[in-house]
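Morning, everyone. Please have the sequence and the 3D view ready. I will keep this short.

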Amino acid sequence: NAQYPLSWVSQGLSAAALGKYDDATAAYQRLASIDGWKARSAQGVADLAMLRGRMAAAAAAIEPLLQEKLPAQQLARLLTTLAAIRLAEGRSAEALKHADAALQASGDETTRYETGRIFLAAGRVPKAREQAAELDKALNVETQALGLVLTGEIQLVGGDARAAIASFQQSLKLADAWQTRYLLGRAYLA
């Protein structure tokens, strides 16, 4: 069914896993024609471009949508992705501007976590800690786990592998996530 969006997402993911990036891009581009999926389409195209090191193409997929009226979380996702692109390009000031805009658009847990990582990578450790603290205040254990993961990343970047390991292990007690296990492995190797 061409109007079923998850069929295009599945095709995009499958093609990308097989290294057929042009097919994956085409699948994600088809999403744009389905109501409410334009931002996810741009996100998929941008992710594939970033994977291939094509930062200008990734930004070009996202920037036109920033002028449209989008739901807050969709806008925040696009802004955090654009911030990551700008960071990869060495344009930290722009990355920080987009991260701040993402937080203004939506303070949901994914936005807080992603912007915290951007702040950390850009050397704004206090702002990263602020996001981790906000995540830690949540009632939801998965959100608390994200706060602990971000705290662990801050500790790892700061050279405190032992504290990072403890944070990652505590996070895993709340919610088992592959990314936390990956970061825990990195901490053990530090």
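First, the ground rules. This is a predicted model, where local features need pLDDT of at least 70, side-chain atom pairs count only at pLDDT 80 or more, and totals for chains, interfaces and linings use all residues. Residues are numbered from 1 along each chain as its sequence is written, and side-chain values use heavy atoms, with hydrogens and water left out.

Now the helix pair. Two packed helices are described by the angle between their axes and the distance between the axes. Find helix α9, residues 141-157, and helix α10, residues 161-174. Helices here are DSSP runs of H or I with at least four residues, strands are E runs of at least two, and both are numbered from the N terminus. The angle between α9 and α10 is about 165°, and their axes are 8 Å apart. An axis is a line fitted to C-alpha atoms, for helices over the stretch in contact, and angles run from 0 to 180 degrees between N-to-C directions.

So how do α9 and α10 run relative to each other, roughly parallel or roughly antiparallel? Roughly antiparallel. That label is for angles over 145 degrees; under 35 is roughly parallel, 65 to 115 roughly perpendicular, and the rest oblique. The crossing is left-handed. In other words, the near helix is turned anticlockwise from the far one by less than a right angle; clockwise would be right-handed.

Who touches whom? On the α9 side, look for residues including V141, L148 and L156. On the α10 side, they meet residues including A164, F168 and L174. Contact means heavy atoms within 4.5 Å. The residues of this contact divide into 10 nonpolar, seven polar and one charged. Nonpolar covers Ala, Val, Leu, Ile, Met, Phe, Trp, Tyr, Cys and Pro; charged covers Asp, Glu, Lys and Arg; the others, Gly among them, are polar.

Next, salt bridges. Side chains of opposite charge can pair when their charged atoms come close. The cut-off: a side-chain nitrogen of Lys or Arg within 4 Å of a carboxyl oxygen of Asp or Glu. How many salt bridges are in the whole structure? The search finds 12.

Take R52 and D22. Their closest N and O atoms are 3.5 Å apart. This pair links distant parts of the chain, 30 residues apart. R52 sits in the loop between α3 and α4, while D22 is in helix α2. R52 is partly exposed at 30% relative accessibility, and D22 is exposed at 57%. Buried means under 20% relative accessible area, exposed over 50%, and partly exposed in between, using a 1.4 Å probe and protein chains only.

Now R86 and E94. Their salt bridge is 3.3 Å, N to O. R86 is buried at 5%, while E94 is partly exposed at 28%. E89 and R91 also pair, at 3.1 Å. These residues belong to a network of salt bridges linking E63, R86, E89, R91 and E94.

Last, two single residues. T115 lies in helix α7. Is T115 buried or exposed? Buried, at 0% relative accessibility. Leaving aside neighbours within four places in sequence, T115 is in contact with T80, A99, A102, L103 and Q131.

R40 is in helix α3. R40 is partly exposed, at 30%. Beyond four places in sequence, its contacts are V9, Y28 and L31. R40 and A187 are 147 residues apart in sequence, and 32 Å apart in space, C-alpha to C-alpha.

That is my tour. Thanks.
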